[in-house]
Amino acid sequence: MQTSLERIANRARKEKRHRFQNLYRLLDEQYLEWVFQRLNKNAASGVDQVTYQQYELDLKENIAILVEKLREKRYRAKLVRRKYIPKANGKTRPLGIPALEDKLLQTAASLILQAIYEQDFLSCSYGYRLGTGARDAVEHVSRRLQFGKTGYVVEADIKGFFDHIDHDWLIRMLEQRVDDKAFLQLIRKWLKAGILADNGRVIKPEAGTPQGGSISPVLANVYLHYALDLWFEKVVRRCGDGESGIVRYADDFACLFQYSRDAERFFHTLPERLAKFSLEVAPDKTRIIKFNRFRNKDGERFSFLGFEFYWGTSRKGRAQLYARTSGKKLRSCLAEFSDWVKRYRHMGNRRVFAAVNAKLRGHYNYFGIRCNFERLKNYYLQVRRLLQKWLNRRSQRRSCNWSKFSNLETIYRLERPHIVARPPSQRQLFNLAECGGECV
């Protein structure tokens, strides 16, 4: 199965205008059985309440029936169960949970689309892609700010992106690379699948794709690839007077400009460009700021993917770019930890400390960059305080004062804050070459 996807990827890489046919026939028993092993075994079930373990009991027969439905064009997408998850600003984000068979087919289709479009996506796109992530996007921004000719930054966010993706535009974009009506009709079925709300009401979506669906990430990247990335590279950069660049992670992106006139032109043109594709910028998260190493006395700062960037002075008296955990993100992480430890404090000490250490390691792996040790230390101390607080409230009797908590720390040892150094990946080396070696 990997060989089939590699052949698709190789042809997509060599023939940039090729439109792929017969993708629908790839969804056979052998391929779907291979994809099934890649699904999350502990994922929540959809409206049919079928779990991974239940479906696996008679896997070959279940997949054979599913493939027969596909061949006879009798397959229908089931309702998507909607669940709301809290956000850091107190609001909620809708999350779509498809049924298991829908999730299986979506994953299979998304792997095919990834094989095609990974060859087309630009190096400035980091969200939902193999071998890269948010930390790579942050490092890309840092390199361009520190070593590039950047004087102005436009930070932007798209308002309700996943809820406003235009279905017709998305299909037209997919048709640039896919010439298979049955395969595209399958994707359209998932886009039009009804959403089952908490109150039992069924919502028929006219736009958007359920955030949480297996195929949603690659569809979102395809949409913004044509709506934003290519436009910036082929129009904005070529029409500008100075250097410019964009770094995007899903619907969050930062645009860097050398001159103010280029930044102003982009800032005023962006809403019109996005409106063409039924998208809108979030006014409270979109702004243009002066961000120059030679004029850093104004103390301008901006946030991107949980990091706050600002200019300071090195020990040698030179302008130095600093990045640290943003205050908003730090408060959000601590609030999430407080909710978690309050909910699971009843577990045994060994399990609690093991889970806390896993959370600390995850935090350090993402935020553990140079010059951010103070914020890491602050997070560690607050986690330690919250852990002692809620362990001491497991019963009406105060059973875990600071003396006993210190004894527990001696036994289970909380992960201390540390900087996580990572060797450069092939993707990062490619970006270095793209910057003209300025970062070396």
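Predicted model: local features only at pLDDT ≥ 70, side-chain atom pairs only at ≥ 80, totals over all residues.
A residue counts as buried when its relative accessible area is under 20%, as exposed over 50%, and as partly exposed in between. Asp120 has a relative accessible area of 14%, so Asp120 is buried.

Asp120 forms a salt bridge with Lys16. The closest N and O atoms are 3.8 Å apart. Asp120 sits in the loop between helix H5 (100-117) and helix H6 (134-147). Lys16 sits in the loop between helix H1 (2-14) and helix H2 (29-36). The pair therefore ties together parts that are 104 residues apart in sequence. Lys16 is partly exposed, at 46% relative accessibility.

Turn next to Asp241. Its salt bridge partner is Arg261, with 2.7 Å between the closest N and O atoms. Asp241 lies in the loop between helix H9 (216-239) and strand E6 (244-249). Arg261 belongs to helix H10 (residues 260-275). Asp241 has a relative accessible area of 46%, so Asp241 is partly exposed. Arg261 is also partly exposed, at 45%.

A further pair involves Glu15 and Arg11. Their side chains meet in a salt bridge, 3.4 Å from N to O. Glu15 is partly exposed, with 35% relative accessible area. Arg11 is partly exposed at 39%.

These contacts belong to a wider set. The whole structure holds 20 salt bridges.

Technical notes: Residues numbered from 1 in each chain as written. Heavy atoms only, no water. Salt bridge = Lys/Arg side-chain N within 4 Å of Asp/Glu carboxyl O. Buried < 20%, exposed > 50% of the residue type's maximum accessible area, 1.4 Å probe, protein only. Helix = DSSP H or I, 4+ residues; strand = E, 2+ residues; numbered from the N terminus.
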